[in-house]
Amino acid sequence: MSAEQYRVGSPGGRVAKKRPLEVDVMLRRIEEILSGYTGAWQIRRRGDSDWSGARDRETSLARLADLTVRGDVGGAWQLRPVGTPGAVFVVRKVEVAPPVASPSAGTDPLKEIHLAYFERFPDHESWGIFNCRPIAGSSSWSQHAWGNAEDFSDGGVAAAEAQRWFNENTSRLPIAEVIGRGRIWTKASQGFRALSPSANQHHDHWHVSADPLGDGSPPCAP
Ligand SMILES: [Zn+2]
């Protein structure tokens with residue numbers, strides 16, 4: 001199985017248990033979607049505030065292919081028809097139960113969590129480990145910048161089954177923090193509690209940081 005695959009969502013909806021796609025199948029699926037709407041399209045990386053300029057279907061497909069193939073695992077791109085801006089489609093680059101091959105991919109404690117998670121949930125996906133960036137909407141560094149956090153999904157829905165598994169295994173594994181389904185667990189406070197309403201609710205994946213947490217400035221910082 002190829003390590004890098006893609007998931008294509010439907011407008012506004014969550015995609016549950018949908019199989020990841022090889023790149024050529026992903027592009028064919030996008031082509032189908034584009035052909036279902038007349039007129040121009042816009043693209044943006046998820047998390048960006050601005051959309052691209054309007055492009056015709058052919059140019060949009062080529063641009064999206066370029067962005068997604070070059071982009072990092074965990075990255076998501078949105079596309080929308082200019083005439084129907086509410087119909088937003090999402091393309092996300094995922095890995096399916098990937099091995100942690102390179103030590104630079106994750107810290108040792110994270111590797112332990114990763115291996116245990118995929119032993120229990122072999123058909124779930126990793127949405128990525130290393131990503132040199134601050135926490136969205138914050139100036140603090142994300143644990144992803146140390147390779148000390150991983151995003152797990154069962155296919156677009158942060159499932160209750162995984163929450164139970166985290167509950168049962170937080171003491172056995174070097175876990176510092178779990179966020180998902182609008183809830184957060186930390187080693188310091190134990191037990192899941194509600195996230196503050198302004199926080200990213202993580203409905204479609206579990207974000208897990210390993211213990212000990214990276215502190216200060218990560219090695220990847222400019
Ligand atoms: Zn994350």
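Colleague: Leaving aside neighbours within four places in sequence, which residues is valine 208 in contact with?
Modeller: This is a predicted model, where local features need pLDDT of at least 70, side-chain atom pairs count only at pLDDT 80 or more, and totals for chains, interfaces and linings use all residues. Numbering starts from 1 along each chain as its sequence is written. Two residues are in contact if their C-beta atoms, placed from the backbone, lie within 7 Å. On that basis, the partners of valine 208 are Ile113, Ala149, Glu150, Phe152, Ile175 and Val178.

Colleague: Which members of the largest nonpolar core touch the most other members?
Modeller: A nonpolar core is a set of buried Ala, Val, Leu, Ile, Met, Phe, Trp, Tyr and Cys residues joined through C-beta atoms within 7 Å. Buried means 20 or more other C-beta atoms within 10 Å of the residue's own; exposed means 12 or fewer, partly exposed in between, with C-beta atoms placed from the backbone. The largest core has 19 residues. Those touching the most others are Ile113, Ala162, Ile175, Val178, Trp206 and Val208.

Colleague: Which element gives the most to this core?
Modeller: Helices (H or I, at least four residues) and strands (E, at least two) are DSSP runs, numbered from the N terminus. Helix H3 (108-120), strand S6 (149-153), helix H4 (160-169), strand S7 (175-180) and strand S10 (206-210) each supply at least two residues. The top contributor, with four residues, is S7.

Colleague: How many residues are in the second core?
Modeller: This core is separate, and Val8, Leu27, Val91 and Trp127 are among its members. Its residue count is 18.

Colleague: What is the radius of gyration of the protein chain?
Modeller: The chain holds four helices and ten strands. The globule rule (2.2 Å times the number of residues to the power 0.38) sets the reference, and the radius is taken over C-alpha atoms. For 222 residues the rule gives 17 Å; the chain's value is close to that, so it is as compact as a globular protein of that length. The radius of gyration is 18 Å.

Colleague: What distance separates the centres of the two domains?
Modeller: Domain 1 spans 4-93 and domain 2 spans 97-210. These bounds come from an automatic or database domain assignment. Taken over C-alpha atoms, the separation is 25 Å.

Colleague: What arc do the buried residues of H2 cover?
Modeller: H2 buries Ser60, Leu61, Leu64 and Thr68. The arc is that of the directions from the helix axis to the C-beta atoms. These residues sit on the same side of H2 because their arc is only 95°.

Colleague: Which exposed residues does the face of H2 turned away from its buried side carry?
Modeller: H2 covers residues 57-70. Its face turned away from the buried side carries Glu58, Ala62, Asp66 and Arg70.

Colleague: Which residue is joined to aspartate 211 by a cis peptide bond?
Modeller: Most peptide bonds are trans. Here omega is about 5°.

Colleague: Is arginine 181 buried or exposed?
Modeller: Arginine 181 lies in the loop between S7 and strand S8 (183-186). Its phi is positive, near 55°, though it is not a glycine. With 21 C-beta neighbours inside 10 Å, arginine 181 counts as buried.

Colleague: What is the phi of histidine 202?
Modeller: Histidine 202 lies in the loop between strand S9 (193-194) and S10. It has 19 C-beta neighbours inside 10 Å, so histidine 202 counts as partly exposed. Its phi is positive, although it is not a glycine, at about 50°.

Terms used
Expected span 1.5 Å × (residues − 1).
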